[in-house]
Amino acid sequence: MAKPANSRFKDVLVLNGPNLNLLGRREPEIYGRDTLDDIARATAARAKEFGLSIDFRQSNHEGELVTWVQEARGTVKGIVINPGGFSHTSVALLDALSFTELPVIEVHLSNIHRRERFRHHSYVSAAATGVICGLGAQGYLLAVEALAGMWGAALLKKGAAAKSKKGRS
Ligand code: CA2
């Protein structure tokens with residue numbers, strides 16, 4: 001589907017949960033030195049390399065994140081989400097993400113499995129196509145690459161199917 005250059009709809013919605021606005025200011029040994037703005041810029045640059053646009057957001061409010069996820073259905077092609085602390089508590093986010101029927105990549109800066117036990121389980125993972133954790137800010141870039149790869153493969157498949165159909169007629 002062609003998208004006008006100035007479309008208000010972006011290809012990928014990148015959502016960040018509570019306290020991620022504090023990145024770069026505390027606990028750099030766990031979360032790295034990048035601020036969320038640094039990560040937003042790097043993610044947009046990587047997306048651009050694949051011809052994708054991103055809408056990068058952060059909220060400390062579960063309901064706001066749920067609303068953004070609901071609105072994503074039918075408007076974006078995929079979601080990258082670092083749900084922050086809501087990963088470990090939010091059935092509401094899980095339900096909203098499942099409802100979108102979009103590819104979802106869950107990202108965590110830290111390796112949640114090497115940390116406290118309560119961080120080992122993420123409700124959101126049940127709705128995720130893939131999960132990346134422990135790779136710091138690079139995880140966001142890899143998530144965008146994963147989505148670009150999925151769409152690239154799907155387009156290739158579509159192209160090959162169309163070609164073989166043409167060959168048969
Ligand atoms: O590793 C991640 O990306 C997390 O999603 C980050 C969440 C944490 O609750 C998850 O278990 C794992 C916390 C984000 C809070 O970030 C801060 C950054 C600097 C200072 C204080 C909090």
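**Exercise 1. Is His 108 buried or exposed, going by its relative accessibility?**

Before we start: this is a predicted model, where local features need pLDDT of at least 70, side-chain atom pairs count only at pLDDT 80 or more, and totals for chains, interfaces and linings use all residues. Residues are numbered from 1 along each chain as its sequence is written, and side-chain values use heavy atoms, with hydrogens and water left out.

*Solution.* 
- Step 1: find the residue. His 108 belongs to strand E4 (residues 104-108); helices (H or I, at least four residues) and strands (E, at least two) are DSSP runs, numbered from the N terminus.
- Step 2: check the cut-offs. Buried means under 20% relative accessible area, exposed over 50%, and partly exposed in between (1.4 Å probe, protein chains only).
- Step 3: apply them. His 108 counts as buried because its relative accessibility is 4%.
- Step 4: look for a partner. The side chains of His 108 and Glu 106 are joined by a polar contact of 2.6 Å. Such a contact is a pair of N or O atoms within 3.5 Å; within protein, one must be able to donate a hydrogen and the other to accept it, and residues adjacent in sequence count only if both atoms are side-chain atoms.

**Exercise 2. Compare the setting of Asn 19 with that of Glu 101.**

*Solution.* 
- Step 1: Asn 19 is in the loop between strand E1 (12-16) and helix H1 (28-31), while Glu 101 is in the loop between helix H4 (91-100) and E4.
- Step 2: read the backbone. Neither is a glycine, yet phi is positive: about 75° for Asn 19 and about 55° for Glu 101.
- Step 3: check accessibility. Asn 19 is exposed because its relative accessible area is 52%; Glu 101, at 66%, is exposed too.
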